[in-house]
Structures are given as structure tokens and as C-alpha cells.
Amino acid sequence: MMQIEDVWEEWKQTVNMTARELEHWLETDRSKVVGELRFGAESTGHEAARKIAKILRKRKDDLNDDDLDHIREVVAFVKAHLARRPRGDIRETRWRYVLMNWGHDPLKS
């Protein structure tokens, strides 16, 4: 089992948007057109993003088991999605928008 330090470091390397950037992004139309839509509910990515923003506002010592589970899910999702990077300019792609819904903007260094 990974230690909290390892999980936290991987999280910090994976999620490169701030809580404020993520919340602002979620208000855009582009963020709403991607992700798995569920009838009568927000997309899976939007739900994940709201949890991510809450976690980003916490200190490592304040994380609970649910936070750690979500962190692991986010890291796994982002890594898997990054492995499927499309060719060419990614600025205005669904691929990038999905990643941004999960707290990672591939255009940020």
C-alpha cells in the first residue's frame, strides 16, 4: 500500500490546476461538452473536478480515506488519458478538455 507521502507527491505532479482555475474552467461551455454524461446529473468529470477542488484546498494532514481514494482515481485516470495523446495541436481538443475536467491541463508546464 502506498504511503500518504507517495500519494501526495504523485497528486501534486499530476494535478497542475489550482482550485480556482478548475472551478473557473467548470463554468465554461467547453468543460460541459466532454465526459460521460449521466441522465439528469452532471458528467463524471465535473463531479470528479468538484472533489478535486475541495481536496486542493486541504492540507495533506487533513486528508481522509475518501480523499485518498479520489486522489488515486484521479492520478490513474490522468495517466491513462495522457497515454492516449492525439497528434497535432491539442489546444482545442476534447482530449485536453477531459483532462482539464480532471485537474490537469496538458498545456501547462
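Author: Let's begin with a word for how two axes are turned: angles under 35 degrees count as roughly parallel, over 145 as roughly antiparallel, 65 to 115 as roughly perpendicular, and the rest as oblique. The axes themselves are lines fitted to C-alpha atoms, for helices over the stretch in contact, and the angles run from 0 to 180 degrees between N-to-C directions.

What you see is a predicted model, in which local features need pLDDT of at least 70 and side-chain atom pairs count only at pLDDT 80 or more, while totals for chains, interfaces and linings use all residues. Residues are numbered from 1 along each chain as its sequence is written, and side-chain values use heavy atoms, with hydrogens and water left out.

Here is the setting. The protein chain has 6 helices and 0 strands, where helices (H or I, at least four residues) and strands (E, at least two) are DSSP runs numbered from the N terminus. Along the sequence this reads α-α-α-α-α-α. Taken along the principal axes, the C-alpha atoms fill a box of roughly 35 × 35 × 25 Å. Of the 109 residues, 41% count as buried; buried means under 20% relative accessible area, exposed over 50%, and partly exposed in between (1.4 Å probe, protein chains only). Contact means heavy atoms within 4.5 Å. Among contacts between residues at least 6 apart in sequence, 63% join residues at least 24 apart.

The part I'd like to show you is helix α6, which covers residues 94-101. Because 7 of its 8 residues are buried, α6 is largely enclosed by the rest of the structure. The buried ones are W95, R96, Y97, V98, L99, M100 and N101. Which helices do the buried residues of α6 pack against? Their partners are α2 (19-26), α3 (29-32), α4 (44-56) and α5. Just after α6, the chain reaches G103, whose phi is positive, at about 90°.

Look next at the meeting of α6 with α2. Their axes come within 10 Å and cross at roughly 125°, and α2 and α6 are therefore oblique to each other. On the α2 side, the contact is made by L22, W25 and L26; on the α6 side, by Y97, M100 and N101. By class, these residues divide into 5 nonpolar, 1 polar and no charged. For these classes, Ala, Val, Leu, Ile, Met, Phe, Trp, Tyr, Cys and Pro count as nonpolar, Asp, Glu, Lys and Arg as charged, and the others, Gly among them, as polar.

Now turn to α4, another partner of the buried residues of α6. A49 lies in α4 and, at 0% relative accessibility, counts as buried. Which residues does A49 contact, leaving aside its neighbours within four places in sequence? They are L22, L26 and N101. Of these, L22 and L26 are α2 residues that take part in the contact with α6, and N101 belongs to the α6 side of that contact. A49 and G103 are 54 residues apart along the chain, with 6.5 Å between their C-alpha atoms. E47 is also in α4, but this residue is partly exposed, with a relative accessible area of 29%.

A48, K51, I52 and I55 of α4 meet D67, H70, I71 and V74 of α5, a contact with 5 nonpolar, 1 polar and 2 charged residues.

Helix α5 (residues 65-82) also packs with helix α1 (residues 4-14), at an angle of about 45° and with the axes 10 Å apart. That makes α1 oblique to α5, and this crossing is left-handed. Between α5 and α6 runs a loop that holds R84, an exposed residue with a relative accessible area of 52%.

Technical notes:
Left-handed = near helix turned anticlockwise from the far one by under 90°.
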